[in-house]
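Subject: Structure handover

Hello,

Please find the structure below. My notes come after it.

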Amino acid sequence: MKMVMDLHTHTMASGHGYSTLRENIEAAKEAGLLFLGLSEHGPAMPGGPHVFFFSNYKVIPRQYGDLRLLCGIEANIMDYEGHLDIDDALQEKMDYIIASLHLPCVKPGSVEENTKACIMALKNPFVKILGHPDDSRYPLDYEMLAQAAAKEKKALEVNNSSLHPLSARKGGRENITELLKACKKHGVSILLGSDSHICCDVGRFDAALALIDQVDFPPELILNRNPENIARVIREDRI
């Protein structure tokens, strides 16, 4: 199954990545991607770039042969109301926003509180993707989450990095399986993300695809397969 986009990638700018943007671009071209998303961690993440980093995206060329670079952010959900760590003005400048729960930024709550935080983030018009909703440290109600994603027409991420044996996130395989079942039931589109922090992982979805095959997930709900689906996950004026 050919994938044409990877919108969840990090570089050295995130503080705990190991590759440059140029190295990620070359890796994306070698992987045959048509779209590469730059999604550094928001400023609330320790080591994350300052807001000036995101404000200066205008200097970055966007086309590299057949590869198009999209400049977004993996923003941090900061509370159970779904508020992010960047203001509205900066949110509006991004090509797309992934919203994610991270331990340094928001304390894990109950199932109800964590689910509310994610659902409220999905209601944000600038948020297109919910990042790695698969960590047992943030237990979620996947039925409610899938229903909300269907209503808001947003994508839920299947994060390849969460399936790594040494992932800091807990219960990835079991939680992603439940997520996929809920998405299948409610017709929710998923977006595969490498969550690469080194260039050799850009465009890599092997573990995620193996799990998708096991649950017989509908291919038409995998946004990465079709370049036309880029319109589902970036701002309309960036298409």
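Predicted model: local features only at pLDDT ≥ 70, side-chain atom pairs only at ≥ 80, totals over all residues.

Residues are numbered from 1 along each chain as its sequence is written, and side-chain values use heavy atoms, with hydrogens and water left out.

Annotation. An unreviewed UniProt entry places "domain: Polymerase/histidinol phosphatase N-terminal" at residues 5–79; such annotations may be inferred rather than shown by experiment. Over residues 5–79 the chain is 20% helix and 23% strand (DSSP runs, numbered from the N terminus: H or I of at least four residues for helices, E of at least two for strands). The end C-alpha atoms of that stretch are 30 Å apart.

The largest pocket holds about 760 Å³ of space. A pocket here is an open set of points on a 1 Å grid over the protein atoms alone, where a 1.4 Å probe fits, with protein on both sides within 12 Å along at least five of seven lines; lining residues have an atom within 4 Å of a point. The volume is the space filled by probe spheres set on the points, which are joined across faces, edges and corners. There are 39 lining residues, and Ser161, Ser167, Arg169, Asp195 and His197 are the closest to the centre. Strand S6 (97–100) and helix H7 (206–214) are the elements that give two or more residues to this lining.

Cores. The largest nonpolar core has 60 residues, and Leu145, Leu156, Leu180, Ile190, Leu192 and Phe217 have the most contacts inside it. A core is a set of buried Ala, Val, Leu, Ile, Met, Phe, Trp, Tyr and Cys residues joined through side-chain atoms within 4.5 Å; buried means under 20% relative accessible area, with a 1.4 Å probe and protein chains only. Another core, of 14 residues, lies apart from it and includes Ile98, Ala155, Ile230 and Ile234.

Two residues. Asp134 is found in the loop between strand S7 (127–130) and helix H5 (142–152), and is buried at a relative accessible area of 0%. Beyond four places in sequence, Asp134 touches residues including Asn159, Arg169 and Lys170 (contact: heavy atoms within 4.5 Å). Asn159, in strand S8 (residues 155–159), is also buried, at 0% relative accessibility. Its contacts, again leaving aside neighbours within four places, include His8, His132, Asp134, Arg169 and Asp195.

Regards

Note on methods
Buried < 20%, exposed > 50% of the residue type's maximum accessible area, 1.4 Å probe, protein only.
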